[in-house]
Amino acid sequence: MKTLNDFNFQDKKAIIRVDFNVPLNDKFEVTDATRIQAAKPTIIKVLEDGGSCILMSHLGRPKGKQDEFSLRHIVKSVIDIIGCNVKFVDDCVGEKVEEAVANLESGEILLLENLRFYDEEKKGDVSFAEQLSKLGDIYVNDAFGTAHRAHASTTIIAQFFEENKCFGSLLAREIESIDKVLNNSEKPVLAILGGAKVSSKITVIENILDKVDHLIIGGGMSFTFIKAQGGKIGNSICEDDKQELALEILKQAEAKGVQVHIPVDVIAADDFSNDANTQVLDITTIPDGWQGLDAGPKSREKFDIVVNQCKTILWNGPLGVFEMESFAGGTIALGHSIDKATKNGAFSLVGGGDSVAAVKQFGFADKVSYVSTGGGAMLEMLEGKSLPGIEAILK
């Protein structure tokens, strides 16, 4: 696996695919700069070697050239985080861009305009990728969040850099962290899968059953398992057409010696609202008109014991509707449990949009071993799929 450390960028122009798809407010200010921060080590390595950086990224889902999706809005944030001046060019291919690149000196950074202003980017157009490739001497992919897409800048471009291509430090860490959980883990290994739907996690569960010792199933998806086993779940979220699948997963887990842990009690509410009436109920006896919206106190204690007897922990999905304060307790308690296990030497990896949002919101981001930056990409790796953006560098 070629990384930044395999290259000296002295007098070289590195064309780097970063993931600067960051949220902006109505004043076009960056509201969460995590992804920019994550790219900093790669950029600094190139500059310190004496090279220059050409940064390319997408932002949002523009239809053609739309100013609201222009990367010029994030230039100030990139300057603040990287700590040096960043030039910007309002296109990503063509004469204007080639001229800006030609004038780029060692130690300088050039940010290109939004790649998705061109349909050719998402189509994986070869000639568009070739145009991008001419801008740099070495191709660096540091965008894990788009590594599962065979787009021009993430995958197709790599073919124009036979030997001169590598993973950036962020992408390398992502690959190493997921590989550590799936293939090089210290036992016992625990996977915690939450969120609303079993259907979105089926292939993940099937792929990791051979690799884990414990599986915690929490959040909304737990009710499909409870109902399948004959429990009463009231008005709780449930995928009725996945009940047989839930039973099959439990059977597979038993055959493979995996211990499955499902909540035993819930914080139930009479309405999907932060101000609803609530009560703690056994998860198998929720009356009609009530719905489970968070893991209850006994479940939290049970999960804490499981978490703290494991040496490798993967967390993907919250235990409740953490966006509402009344139903955030289960997810917060789980964060504390993982924090404690990590302090005691466990390796903990958090990934998936909602889990990442939760660990940031409740202050656990620096208390776990690694927080993944790519939701969809991480899920596909956990499903055992090969990602085109990663394969293109390995070729």
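**View 1. Helix 1 gives the largest share of the lining of the largest pocket, namely five residues.** Helices (H or I, at least four residues) and strands (E, at least two) are DSSP runs, numbered from the N terminus. This is a predicted model, in which local features need pLDDT of at least 70 and side-chain atom pairs count only at pLDDT 80 or more, while totals for chains, interfaces and linings use all residues. Residues are numbered from 1 along each chain as its sequence is written, and side-chain values use heavy atoms, with hydrogens and water left out. The lining of the largest pocket is made up of 30 residues, and D32, T34, R35, K360 and T373 are the ones nearest the centre of the pocket. Two or more lining residues come from each of helix 1 (34–49), helix 6, helix 12 (353–361) and strand 17 (370–371). Sorted by class, the lining has 13 nonpolar, twelve polar and five charged residues; here Ala, Val, Leu, Ile, Met, Phe, Trp, Tyr, Cys and Pro count as nonpolar, Asp, Glu, Lys and Arg as charged, and the others, Gly among them, as polar. The space in this largest pocket is about 740 Å³, a volume being the space filled by probe spheres set on grid points that are joined across faces, edges and corners. On a 1 Å grid over the protein atoms alone, a pocket is an open set of points where a 1.4 Å probe fits, with protein on both sides within 12 Å along at least five of seven lines, and lining residues have an atom within 4 Å of a point.

**View 2. Helix 6 passes helix 13 in a right-handed crossing.** A crossing is right-handed if the near helix is turned clockwise from the far one by less than a right angle, and left-handed if anticlockwise. The axes of helix 6 (residues 169–182) and helix 13 (residues 375–382) come within 11 Å and cross at roughly 35°; such axes are lines fitted to C-alpha atoms over the stretch in contact, and angles run from 0 to 180 degrees between N-to-C directions. On the side of helix 6, I175, I178 and L182 take part, and they meet M378, M381 and L382 of helix 13, where contact means heavy atoms within 4.5 Å. By class, this contact of helix 6 with helix 13 has six nonpolar residues, with no polar and no charged ones.

**View 3. A cis peptide bond joins K187 and P188.** The omega angle of this bond is about 0°. P188 belongs to the loop between helix 6 and strand 7 (189–193).

**View 4. P263 and S299 touch each other.** P263 is found in the loop between strand 10 (259–261) and strand 11 (265–269), whereas S299 has its place in helix 10 (residues 297–307). P263 counts as buried because its relative accessible area is 6%, and S299 counts as buried because its value is 0%; buried means under 20% relative accessible area, exposed over 50% and partly exposed in between, with a 1.4 Å probe and protein chains only. Leaving out residues up to four places away in sequence, P263 touches I217, G218, S222, I226, I283, S299 and F303, and S299, counted in that way, touches P263, V264 and D265. The C-alpha atoms of P263 and Y139 are separated by 47 Å, and these residues are 124 apart along the chain.

**View 5. S52 lies in strand 2 (residues 52–56).** With a relative accessibility of 3%, S52 counts as buried. Apart from neighbours within four places in sequence, the residues in contact with S52 include K12, K13, A14, V46 and L47, and also L104, E105, S106, G107 and E108.

**View 6. V89 is found in the loop between strand 3 (87–88) and helix 3 (95–102).** V89 counts as buried, since its relative accessibility is 6%. V89 and E113 lie 24 residues apart in sequence, and their C-alpha atoms are 6.2 Å apart in space. Among the residues that V89 touches, not counting those up to four places away in sequence, are K96, V97, A100, L110, L111, L112 and E113.

**View 7. D11 has a positive phi of about 60° although it is not a glycine.** D11 has its place in the segment before strand 1 (13–17), and D11 is exposed, with a relative accessible area of 55%. F28, in the loop between strand 1 and helix 1, is a residue other than glycine whose phi is positive and near 60°. F28 is partly exposed, with a relative accessible area of 33%.
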